[in-house]
Amino acid sequence: MLEIKDLHVEVDGKKIINGLSLEVGAGEVHAIMGPNGSGKSTLAYVLAGREGYEVTKGSITFDGQDLLEMEPEERAAAGVFLAMQYPVEIPGVANMYFLRQAMNAVRKARGQPEIGAAEFMKKLREKARLMGVKDELLKRDLNFGFSGGEKKRNEILQMAMLEPRLCILDETDSGLDIDALRTVADGVNALRDPSRGMIVITHYQRLLDYIVPDRVHVLARGAIQRSGSKELALELEEGGYGALLGPEFAHE
Ligand code: ADP
Ligand code: MG
Ligand code: MG
């Protein structure tokens with residue numbers, strides 16, 4: 001469903017991704033691990049279509065379409081969803097209003113009618129309960145004054161509401177205590193589906209005890225240095241980047 005070939009990306013003239021290739025099939029969960037600054041968020045932003053990320057070489061196809069030719073809104077409509085490492089605060093826009101707009105934008109792009117108010121509320125209440133997102137948080141301005149954990153749980157709530165084809169989670173586990181981590185992992189696991197692909201970006205092996213990936217990739221210096229099964233994450237946890245990739249990667 002997703003095929004990234006020899007991707008090269010620059011930000012502000014600085015080379016950040018250097019020849020990254022990755023294939024994610026429907027139904028698969030891929031974990032991407034890597035040291036700080038290795039380009040994990042950059043990859044996530046490039047997939048979502050954020051401005052300022054210049055692809056200088058390579059290709060990305062999604063469901064047979066050229067993803068790089070698509071606007072961010074078209075990507076969202078096609079089912080690409082990014083749960084951000086640092087979710088943005090939007091003062092003046094209520095969380096639930098934002099969610100309904102996002103849902104309807106996707107539905108409109110797919111030629112579906114708007115979701116009715118009652119149906120929306122029913123679904124929202126059900127998913128919010130699963131994610132432990134309180135009613136009060138649904139009425140507040142999006143992410144405004146939310147704690148780190150509340151922001152992350154809210155991101156997964158958005159994901160559960162939008163039911164994307166490709167879910168990208170950028171360090172959704174960072175800043176979560178163990179209970180919140182479990183809630184988030186349960187929410188993600190509930191969305192595992194034969195028709196859906198997932199890219200789970202994380203710094204820590206711990207998350208992968210709860211969201212068990214089909215494949216693990218180690219990203220360093222803007223390229224995938226190693227790929228393997230879930231055991232690769234344990235190997236990395238034990239020896240660090242130096243032991244896994246060579247001494248030159250020990251201090252990244
Ligand atoms: P990660 O998510 O793996 O920690 P990032 O993708 O956020 O890494 O960043 C990769 C590298 O790109 C880092 O060295 C970072 O400083 C640099 N970088 C990210 N955004 C910009 C930017 N807007 N301008 C210049 N450098 C950037
Ligand atoms: Mg980082
Ligand atoms: Mg990052």
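Okay, how do strands β1 and β2 pair, and over how many bridges? They run antiparallel, over eight bridges, with β1 covering residues 2-11 and β2 covering residues 14-24. Before I go on, this is a predicted model, where local features need pLDDT of at least 70, side-chain atom pairs count only at pLDDT 80 or more, and totals for chains, interfaces and linings use all residues. Residues are numbered from 1 along each chain as its sequence is written, while chains are lettered from A and ligands numbered from 1 in the order in which they are written.

Helices (H or I, at least four residues) and strands (E, at least two) are DSSP runs, numbered from the N terminus, and two strands pair if DSSP finds at least two bridges between them.

Back to that hairpin. Two residues sit between the strands, and D12 there has a positive phi near 50 degrees. Further along, H8 has N18 in β2 as its bridge partner.

β1 also pairs with β4, residues 53-62, again antiparallel and over eight bridges. On that side, V11 bridges to Y53, and E10 stands opposite E54. Put together, we get an open antiparallel sheet of four strands, ordered β2-β1-β4-β5. β2 and β5 (65-66) are at the edges with a single partner strand each, so one side of each has no neighbour in the sheet.

Leaving aside neighbours within four places in sequence, I168 is in contact (C-beta atoms, placed from the backbone, within 7 Å) with A44, L47, F81, L82, A83 and I199.

And the record? An unreviewed UniProt entry annotates residues 2-246 as "domain: ABC transporter"; positions use our numbering, feature names are shortened, and annotations may be inferred rather than shown by experiment. In the model, that span is 40% helix and 29% strand, and its end C-alpha atoms lie 29 Å apart.

Technical notes
Contact = placed C-beta atoms within 7 Å.
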